[in-house]
Amino acid sequence: MSSPALDSMLLASTDPARLSEWYEVTLQPDEASDAGDYRYLRFGTFGVLFDRREDIGAKNQEPGRMILNFQVGDAREVVARMDGLGVTWLAPLEERDGSLFATAIDPDGNYVQVIQLSPEHRAAMEAK
């Protein structure tokens with residue numbers, strides 16, 4: 001029997017249109033479509049569904065609990081585009097042992113990491 005595959009996530013918001021637009025503009029998904037009442041964005045093979053929820057607050061009170069990690073080919077280019085759009089940063093772009101990391105805060109207060117792994121880090125992860 002094959003293992004389950006993590007294919008997508010639901011990102012709930014009190015304003016899903018605003019939130020999905022932020023992800024569309026800042027991170028430029030491979031696909032953007034409407035699926036019934038949901039907005040669907042696909043980044044690589046992973047999908048993010050945006051939905052309205054009445055049982056949550058407007059801002060995430062524990063944003064470190066779940067962080068969205070976006071692997072990019074050129075972190076400097078992505079961060080520069082996001083800077084031009086006025087994104088708020090929790091942690092600006094920094095190098096860590098040859099890899100590049102930055103953590104943005106989306107309009108709902110969720111943490112969003114931009115990651116460019118060095119060839120050495122990628123090889124080490126694939127070897128495990």
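**Stop 1**

Helices (H or I, at least four residues) and strands (E, at least two) are DSSP runs, numbered from the N terminus. Two strands pair if DSSP finds at least two bridges between them.

This is a predicted model, in which local features need pLDDT of at least 70 and side-chain atom pairs count only at pLDDT 80 or more, while totals for chains, interfaces and linings use all residues. Residues are numbered from 1 along each chain as its sequence is written, and side-chain values use heavy atoms, with hydrogens and water left out.

Now pick out the partners. A32 stands opposite L41 in β3. E31 has R42 of β3 as its bridge partner. Then go to the turn. The hairpin of β2 and β3 has 2 residues between the strands, and G36 takes a positive phi near 65° there.

**Stop 2**

Select helix α1 (residues 16-27) and helix α2 (residues 75-84). Their axes come within 9 Å and cross at roughly 130°. Axes are lines fitted to C-alpha atoms, for helices over the stretch in contact, and angles run from 0 to 180 degrees between N-to-C directions. α1 and α2 are therefore oblique to each other. Angles under 35 degrees count as roughly parallel, over 145 as roughly antiparallel, 65 to 115 as roughly perpendicular and the rest as oblique.

Which residues of α1 and α2 meet? Show W22, V25, T26 and L27 in α1, with V78, R81 and M82 in α2. Contact here means heavy atoms within 4.5 Å.

**Stop 1: the four-stranded sheet**

Next, display the open sheet of 4 strands. Its order is β5-β8-β7-β6, with mixed pairing. β5 (67-71) and β6 (88-96) stand at the edges with a single partner strand each, so one side of each has no neighbour in the sheet. From one strand to the next, the twist averages 15°.

Zoom in on β7 (residues 99-105) and β8 (residues 111-116). They run antiparallel, joined by 6 bridges. A102 stands opposite V114 in β8.

**Stop 2**

Rings of Phe, Tyr and Trp (its six-membered ring) pair if their centres lie within 6.5 Å; planes under 30 degrees apart count as stacked, over 60 as edge-to-face and the rest as tilted. The count comes to 4 aromatic pairs.

Start with W22 and Y23. They form an edge-to-face pair, 4.8 Å centre to centre, with 75° between the planes. Both W22 and Y23 are buried (under 20% relative accessible area, with exposed over 50% and partly exposed in between, for a 1.4 Å probe and protein chains only).

Finish on F43 and F70. This pair is edge-to-face, at 4.8 Å centre to centre and 80° between the planes. F43 lies in strand β3 and F70 in strand β5, so the pair ties together parts that are 27 residues apart in sequence. F43 is buried, with a relative accessible area of 14%. F70 is buried too, at 10%.
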